[in-house]
Amino acid sequence: MGLLGSDERPRDIILGTLDDLINLARSRSMWPLTFGIACCAIEMMATWDPKVDADRFGMFFRNTPRQADVMIVSGTVNKKLAKRLRRLYDQMAEPKWVISMGACANQGGPFRHGYSVVEGVDKIVPVDVYIPGCPPRPEALLQALLLLRDKISDRELRYKRPQEIATDYDVFAEPGEDGRIPVL
Amino acid sequence: MSSTIGLEPVLGRSDEMIVNMGPQHPATHGVLRVVIGLEGERITRAVPHIGYLHRNHEKIEESRTYFQVVPFTDRMDYVSGTQNELPVVLAVEDLAGIEVPERAKMIRTMFFELFRIASHLVWMGTAMLDLGAITPFLYTFWDREIILGIVERTAGARMLPNYYTFGGVRRDLHPHFFKDVAEFLDHLEKRMPDYEHLVLENPIVHARTVGVGVLSKERAVARGVSGPVLRASGVAYDVRKAFPYDAYPEVEFEIPTSDAGDTYARFWVRFQEIYQSVKILRQLLEKTPKTGPFKGRAPARLKISGERYRAVENSRGELGVYVVGDGGDKPYRIKHRGAAFSNLQVIPDLFIGAKFSDAIAILSSLDPVFGEIDR
Amino acid sequence: MSLIPIPEDRRFKIKLIGYDPGRSRPWLERFVYSLYVVAFWLFVIATYAGVPALFDWLGWDGGWGYVVMRALQVVMLFLLSAVIALMLILALRKYLGKVQERYGPMHYGPAGGIQTVFDALKLLGKEDFVPAAADWLTFRLAPAVTFVSSFAIFAVVPFASGWTLADSNVGLIYLIAVSTLSAYGVLLGGASSGNKWALIGALRAGAQMVSYEVPLALVFLSVAVWSGSMSLGKIVDAQLGVWNVIPLFIPFVLYVISSLAELKHIPFDFPEAESELIAGYNVEYSGMSFAFFFLAEFVELFLLPALIVVFFFGGWHGPLFGLEPGTLAAGALQSLYFSVKTAVWVWIFLWIRATLPRYRDDQLMEFAWKAMIPLALLGLVLAAYMRLIWR
Amino acid sequence: MDLRIKRERLFDEDVYTVHPDDYRALCEQLKKDGFDYPRAISSLDMGYGLRVVLQLTRMSDLAKVEVRTDVSYDVAAVDSVTDLWPGVEWHEREAYDLMGISFRGHPDLRRLLLEEEWDLHPLQKRYDTGGYLIPDWRPADWPDPAPWQEPAPSQEDAAPEGGEGE
């Protein structure tokens with residue numbers, strides 16, 4: 001990503017301004033990944049319906065992770081899906097953000113005592129915005145997207161991306177013997 | 001690891017390409033994964049994989065009381081809300097001998113049919129999205145929002161209302177309910193010709209679906225398929241008629257069937273079901289008393305012994321539950337019979353030999369919902 | 001349509017934002033779009049009249065000066081194509097919003113007017129990488145091939161009488177060659193991505209191109225036969241009396257269908273097929289590489305309707321109100337006529353996109369080989385007959 | 001035919017409780033009787049063994065029937081009926097996956113919902129930890145066989161193939 005995306009560099013005036021412009025553009029053009037998991041996915045679709053219409057804020061779905069900026073984790077993540085979710089996150093091009101939508105993605109929700117449910121998607125990917133609710137209303141998702149917008153463009157709110165996250169789950173794909181990552 | 005793919009490359013066949021569709025794919029309606037062998041655009045082999053949304057419903061529900069079980073069932077077929085609660089409620093009522101007032105039965109049936117319309121509207125939008133048309137999706141979601149608004153007024157929640165309870169429903173109808181539903185039905189009847197025009201009468205939809213993915217009557221029955229998929233294959237099996245529950249014996253409606261068994265027939269049957277739901281709702285709006293009991297007497301702490309299988313006809317087919325009680329206040333075992341779970345088994349039957357684009361259309365006509373399939 | 005009102009007795013009132021035409025500020029939208037249109041028009045005038053006039057004034061209009069002038073015009077056209085893409089992406093999203101009873105982008109810039117600028121800037125700052133399985137050179141080359149081949153159509157499009165970069169007397173042959181090239185970009189990009197979905201998209205693009213190119217060539221032939229020339233300027237000139245759409249109705253219909261296919265546009269968007277192939281040939285592209293595919297798509301969305309206007313709707317012809325042809329004012333007016341006619345066709349294409357589902361890919365091929373080619377031959381024969389009888 | 005069957009009536013369905021060796025024979029008989037629609041296969045942990053519950057419907061007159069058979073923990077296997085009703089394919093796989101009952105002759109007996117790497121069958125009661133089921137699941141010992149439990153089928157024809165593996 002180079003110079004523009006790095007947060008460690010001292011801010012001089014010209015580059016700082018350009019940086020702000022790019023971040024403004026990023027915050028105003030967040031394309032989420034089409035990745036519906038469970039109940040929240042229906043409300044996620046409803047966020048783009050005529051009543052709420054997140055497209056007003058310049059957001060529309062991209063199907064391929066390469067072109068998406070935001071991953072909305074909309075539903076329960078279990079251990080079988082966790083590897084795939086991490087793979088999708090890794091496939092997204094920088095800069096990228098994650099919204100954890102609903103109780104299940106936040107901490108497992110009503111299913112957190114199950115044997116195969118991951119207790120919160122933040123054990124797998126770094127999360128920027130959490131939305132409570134089961135499922136959250138479309139308006140709540142819209143508000144989360146707008147919060148994320150402010151977080152990206154506002155210098156005060158901008159955060160440092162954790163380089164590594166502690167995880168109990170074996171979700172990082174290892175290259176196989178032929179050097180290629182195996183099909184999950 | 002190879003067994004997780006489920007589809008081994010055949011040695012010496014270089015003309016077959018194995019692609020992995022899902023779990024993240026726009027046309028899988030959730031987290032289905034189908035490993036597909038392609039010869040050009042023609043599908044030679046297809047192995048479906050499910051379980052990416054396995055949420056341990058059955059195990060968790062064993063450690064919850066019967067009242068706590070009901071909201072869990074909401075999360076199964078999350079598109080059709082209260083419909084999921086009914087089998088458990090019916091089975092427990094049977095076992096505990098709880099009487100349900102007539103008015104409560106009618107209220108339940110009205111919500112049941114409202115959610116059937118909502119679910120079919122979601123299906124219509126997403127199916128057309130799979131076929132490449134964007135606009136119907138937004139129209140149908142708009143109409144669905146109206147239904148959810150009506151539900152929210154009475155039940156307090158939009159999608160997963162946790163509204164049915166043992167002996168009736170949790171709270172009385174909102175005073176505007178009858179007016180709202182009547183308004184919505186008028187609105188829907190104005191919209192349905194548009195939908196027919198956009199979907200059923202569309203020549204491109206005809207070209208994509210007629211004669212595609214034919215499921216024969218015998219195969220459909222043997223596969224345990226139910227709901228619109230079964231009725232599109234010519235079997236007039238509908239739990240509402242076969243094993244009536246709630247207020248269905250008191251209303252008149254027909255079971256639309258088609259003998260074609262193809263994707264278009266499945267589309268057509270769902271459309272006719274919306275009309276039938278409108279018909280049922282209109283009758284119930286007339287019949288339901290404006291005031292009266294909405295809940296029978298049910299013990300605050302249910303203790304149940306015995307076993308019971310009860311099924312309802314939800315938007316996708318026969319949604320059953322097998323409840324085993326051991327005399328305690330928690331179920332000993334609950335087994336959910338998902339309608340889409342059985343419907344999805346026909347994927348290899350229908351996919352093999354079809355074009356890849358046809359597979360998308362076929363999958364959309366099966367209308368899977370993964371909360372119910374993976375449970 | 002009225003959404004059912006939220007009851008008064010609710011404790012928390014929910015703000016409904018449902019579609020209401022009164023809220024969409026149509027006057028502001030029209031103003032913003034007119035700014036885009038004015039920018040577009042000024043670019044056209046500056047490219048075709050301003051730049052030559054500048055070199056005339058400098059007295060550097062021969063030899064190397066000519067070369068530099070042409071190069072400057074190409075740069076201007078590149079900027080123009082950026083304006084077109086920004087305008088059309090916004091128009092598509094706003095128009096889809098209108099059709100779908102919602103607003104479309106409306107919050108960034110007046111009436112959402114600079115939404116696409118933000119999108120472009122974002123893509124500029126987005127990571128752009130080559131997957132390990134991809135072929136580096138081909139993967140990098142493919143967006144450029146696609147964009148250049150779309151952009152190259154500009155060379156022969158006449159915006160007004162004499163306002164064209166190269167009014168070649170083999171313009172039609174050039175068009176066939178260049179439009180075929182654009183499928184190569186898709187083919188290379190898809191095949192070099194090292195992704196199976198992209199490969200399927202690329203193969204579909206190849207199969208599709210083979211199908212529609214033949215009727216397209218036959219349509220070009222009928223236009224050439226009827227107009228008596230392969231130069232696009234002459235073709236427009238020949239329509240002074242009656243537009244080609246009347247005598248060449250069959251080729252016209254076939255040309256619209258082929259244009260849809262060449263544009264990879266619904267109902268023929270098989271190489272991209274969002275719901276089937278995820279994103280088709282550009283599934284592995286991100287950042288600016290993807291933006292170039294996007295740019296090419298929307299430049300073509302302008303140029304192919306423009307060619308429909310050139311071939312069948314009299315190009316830049318229109319009442320001149322006594323202005324002398326060849327002057328700046330007449331050229332500006334003619335380019336306005338041309339742009340308005342093109343805009344109507346762009347709108348029809350957007351309308352199709354908002355309405356129709358997608359065919360299956362083999363259905364297009366079947367249609368192309370079994371119906372379009374015989375019809376195109378029929379159209380060619382008719383055109384030749386009519387040419388013999390009436391001209 | 002001489003099948004070890006107990007027949008009773010429960011609500012609106014006939015319930016057959018059958019010895020696991022005769023399960024397949026009874027199913028063939030029911031198939032001949034016209035029960036063509038498979039509703040579900042459920043499985044229960046009875047405390048003395050595992051139970052398979054097959055639920056069928058006859059489409060012609062909508063008669064419902066339920067077939068139950070108990071197997072012991074050690075030899076948790078019955079014959080598959082996938083060839084009679086293809087619709088039970090996934091239900092049998094699910095019972096294998098979650099309850100650990102093997103189905104002899106099933107065409108593709110793999111785990112359905114969980115991944116292949118899992119080594120537990122979570123719906124068995126010995127995995128219950130009081131409702132709070134957190135990752136480390138140590139199975140308790142099997143309960144002792146109840147005195148009323150029927151003798152297990154002989155070991156030769158009921159090898160636990162890929163079953164619990166104990």
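Predicted model: local features only at pLDDT ≥ 70, side-chain atom pairs only at ≥ 80, totals over all residues.

Modeller: Now take A:C134, which is in no disulfide either; its nearest cysteine sulfur, that of A:C104, is 5.4 Å away. A:C134 counts as partly exposed, at 33% relative accessibility. Over all chains, the disulfide count comes to 0.

Moving on to chain B, have a look at helix α6, which runs over residues 135-155. It has 21 residues and reaches 30 Å from its first C-alpha to its last, close to the 30 Å expected at 1.5 Å a residue. Of the 21 residues in α6(B), 20 are buried, so the helix is largely enclosed by the rest of the structure. Just after α6(B) comes B:G156, with a positive phi of about 95 degrees.

Last stop, chain D. D:R24 is part of helix α1, residues 23-32, and counts as buried, at 18% relative accessibility; the cut-off for buried is under 20%. The side chain of D:R24 reaches the backbone oxygen of D:S80 at 2.7 Å. Leaving aside residues up to four places away in sequence, D:R24 touches D:D79, D:S80, D:V81, D:D83 and D:L84, so D:S80 turns up both as a polar partner and in the list of contacts.

Note on methods: Residues numbered from 1 in each chain as written. Chains lettered and ligands numbered in written order. Heavy atoms only, no water. Disulfide = S-S within 2.5 Å. Buried < 20%, exposed > 50% of the residue type's maximum accessible area, 1.4 Å probe, protein only. Helix = DSSP H or I, 4+ residues; strand = E, 2+ residues; numbered from the N terminus. Expected span 1.5 Å × (residues − 1). Polar contact = N/O pair within 3.5 Å; in protein donor to acceptor, adjacent residues only side chain to side chain. Contact = heavy atoms within 4.5 Å.
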